Amino acid sequence: MLINSHHDNKVTDKSEKSKRRLYHRNHRNKHEKLNRKPCQNYSNQITHYKPDQYHSLDFAVFYYYDVAAGKTTCWTELDIQNKGIKNFSPHLWELRHLTALYLNNNKISRLPPEICQLQNLVHLDLSNNKLRSLPVELGDMLKLHDLLLTNNSIRLLPYELGRLFQLTKLELEGNPLTPELLQKSREVNGTQKLLQFLLDTLEAPASPPDRPWLTVREKTGKHMSFKVMCYNILSDSLAKGTKYGYCPSSALAWDHRKHLIMSQITESGADIIALQEVETDKYYNFFLPALKNQGYEGCFCPKSRSKTLPEEERKHVDGCAIFFNRNKFGLHKEKFIDYSQLAIANAEGADDMINRVQTKDNIGIVCCLDIKEPSHGTRHNKLVILNTHINWDPEYSDVKLIQNIMFMNEVETFVKEIKGCYSIPMVVAGDFNSTPDSAVIEFLLKSQISTEHREFHGLKYHGFLKKANGESLGNKNGCKHFKHGFKLKSCYSDDLLDKLRYTNYTYDFKGILDHIFHSKDSLRTVGVLGGIDVDWLKENKIIGCPNVHYPSDHFPLISELELINPNSR
């Protein structure tokens with residue numbers, strides 16, 4: 001018998017209600033004679049429940065003949081309180097659609113580990129029972145907001161409860177817990193403090209296996225090769241427990257993270273390093289001196305809001321940085337690109353440019369490097385490196401696209417000023433906050449995008465696009481396109497993207513947002529760094545980063561590139 005409580009599948013038809021009341025009054029015994037068993041038995045008590053006992057609840061009772069007749073049910077709460085329940089039927093764990101389960105005021109002395117199968121539970125009331133302990137699997141119920149455990153006999157809490165980072169109410173009064181735990185729970189914000197204590201005490205997972213190096217092709221040995229790293233390191237001002245509640249506080253601390261980040265950089269052997277979310281203070285007082293000691297030079301551009309802030313606050317504004325191996329490269333020219341200022345300059349009367357694009361203070365940086373090593377038969381003596389951090393908000397896909405269009409438009413002007421043509425080898429890296437199937441990536445790889453693309457949301461950017469692309473837009477099949485003048489290719493081809501799986505790994509999002517591209521006709525990929533071991537993530541129940549082993553919510557990308565002459569691919 002399925003009991004739909006708390007008005008999720010309320011029977012509203014009066015005649016139907018009358019039929020059911022008549023059935024239950026006259027045919028209760030007949031039901032047993034016909035061997036019409038209820039659909040589910042949730043405990044050794046539920047089979048004795050009588051429909052008229054639920055007069056205080058909105059409910060519907062489903063039997064097998066209801067299901068056979070095609071009737072459906074949609075209910076999310078189950079109330080089994082004050083019934084003297086001691087044990088559970090395994091059928092209860094099949095109700096994985098439940099969001100609330102009321103088991104209070106019973107005689108439950110043991111909570112089975114299978115409770116964790118109810119992954120959608122938001123509210124679990126186990127108060128006024130006889131529980132002596134809790135299963136560690138309770139820490140896997142990540143959607144829990146309320147966990148009520150008052151008046152039981154619980155002496156210890158499993159450290160795994162600390163993983164319940166969305167829990168806002170944890171009631172523990174009336175349990176013989178240690179004074180330390182009870183004291184923490186009674187403090188202001190006691191639930192969060194107690195959970196953080198448990199999480200910080202929980203044993204850290206084993207170290208992950210090294211990411212594999214994936215060879216794309218063998219190097220010819222005739223031309224110069226170099227490695228590029230792209231890495232969003234997670235700004236210190238954003239690495240807070242309020243945002244990453246599943247991360248131990250010690251692993252969020254800058255003193256812990258900075259050493260891991262620097263180890264990843266130095267162990268990569270990268271010749272060019274493109275970093276995002278580098279705070280101004282951290283760039284000048286940590287990264288620049290540390291990497292200079294290891295043979296790098298760098299350039300840095302903070303986000304545009306730093307121009308309007310007091311000096312003390314300016315230190316914490318993040319931006320993009322490019323470091324390069326000074327034994328291989330020298331800085332020829334650099335340019336900082338402020339999308340907010342460009343939006344103002346190119347608004348062309350469009351309110352959306354002001355209201356949507358100008359308000360986002362994302363930036364980009366482009367450097368032209370002189371190649372110091374012998375050319376090994378290639379005619380290239382310069383290399384252009386781009387690094388950008390695009391707006392994060394998925395609701396603003398038009399802004400992401402406009403920012404990229406402005407970026408590439410500024411890069412075209414920059415390259416023309418250097419050589420007057422597009423033949424300089426180019427590497428484009430960044431946190432584009434865009435998946436491989438997005439309009440942003442389509443624009444970069446196909447060198448054009450329709451002005452009617454759905455990710456513009458029908459907003460009026462035509463004035464800007466016309467100005468940015470010259471007097472007229474490219475016309476293909478009657479549809480206007482905005483174009484850029486470079487032929488780019490991703491360092492991670494489709495099959496390599498399948499192996500990469502993630503560059504951003506949080507509780508709310510897991511996917512590829514970071515990318516490295518290169519000029520098709522002057523560079524080729526010879527190898528890339530593979531993805532994180534997925535089995536390790538599953539086995540250790542890693543629901544998001546950062547954590548004790550990974551200092552950012554992003555994973556670094558590394559690609560080795562080789563210079564080539566045009567038409568020698």
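**Entry 1**

I began with asparagine 82, which is exposed at a relative accessible area of 52%. My cut-offs: buried is under 20% relative accessible area, exposed is over 50%, and partly exposed is in between, with a 1.4 Å probe and protein chains only. I note that this is a predicted model, where local features need pLDDT of at least 70, side-chain atom pairs count only at pLDDT 80 or more, and totals for chains, interfaces and linings use all residues. Residues are numbered from 1 along each chain as its sequence is written, and side-chain values use heavy atoms, with hydrogens and water left out.

Asparagine 82 is not a glycine, yet its phi is positive, about 60 degrees. I found asparagine 82 in the loop between S3 and S4. Helices (H or I, at least four residues) and strands (E, at least two) are DSSP runs, numbered from the N terminus.

I then checked asparagine 433, another residue other than glycine with a positive phi, near 45 degrees. Is asparagine 433 buried or exposed? Asparagine 433 counts as buried, at 12% relative accessibility. Its loop runs between strand S16 (426-431) and helix H13 (439-446).

**Entry 2: a cis bond**

I looked up the peptide bond between cysteine 545 and proline 546. The bond is cis, with omega about 10 degrees. Proline 546 sits in the loop between helix H16 (534-539) and strand S25 (557-563). I logged these backbone cases because most residues other than glycine have a negative phi, and most peptide bonds are trans.

**Entry 3: the five-stranded sheet**

I traced an open sheet of five strands in the order S3-S4-S5-S6-S7, with parallel pairing. Two strands pair if DSSP finds at least two bridges between them. Strand S3 (77-79) and strand S7 (169-171) are the edges, each pairing on one side only. The twist averages 5 degrees from one strand to the next. S3 and strand S4 (residues 100-102) run parallel, joined by three bridges. Across that pair, glutamate 77 stands opposite alanine 100.

**Entry 4: the six-stranded sheet**

Which order do the strands take in the open sheet of six? I read S13-S14-S15-S16-S23-S20, with mixed pairing. Strand S13 (329-338) and strand S20 (488-490) are its edge strands. Here the twist averages 20 degrees from one strand to the next.

Strand S15 (residues 382-389) pairs with S16 in the parallel sense over six bridges. Histidine 389 stands opposite aspartate 431 in S16. Helix H12 (residues 397-419) lies across S13, strand S14 (363-371), S15, S16 and S20, at about 140 degrees to S13. Axes are lines fitted to C-alpha atoms, for helices over the stretch in contact, and angles run from 0 to 180 degrees between N-to-C directions.

**Entry 5: H4 on H5**

I took helix H4 (residues 179-186) and helix H5 (residues 190-201) next. Their axes are 6 Å apart, at an angle of about 140 degrees. H4 and H5 are therefore oblique: under 35 degrees is roughly parallel, over 145 roughly antiparallel, 65 to 115 roughly perpendicular, and the rest oblique. Glu180, Leu181, Lys184 and Ser185 in H4 meet Gly190, Leu194 and Phe197 in H5. Contact means heavy atoms within 4.5 Å.

**Entry 6: whole chain**

The protein chain has 16 helices and 25 strands. Of its 569 residues, 53% count as buried.
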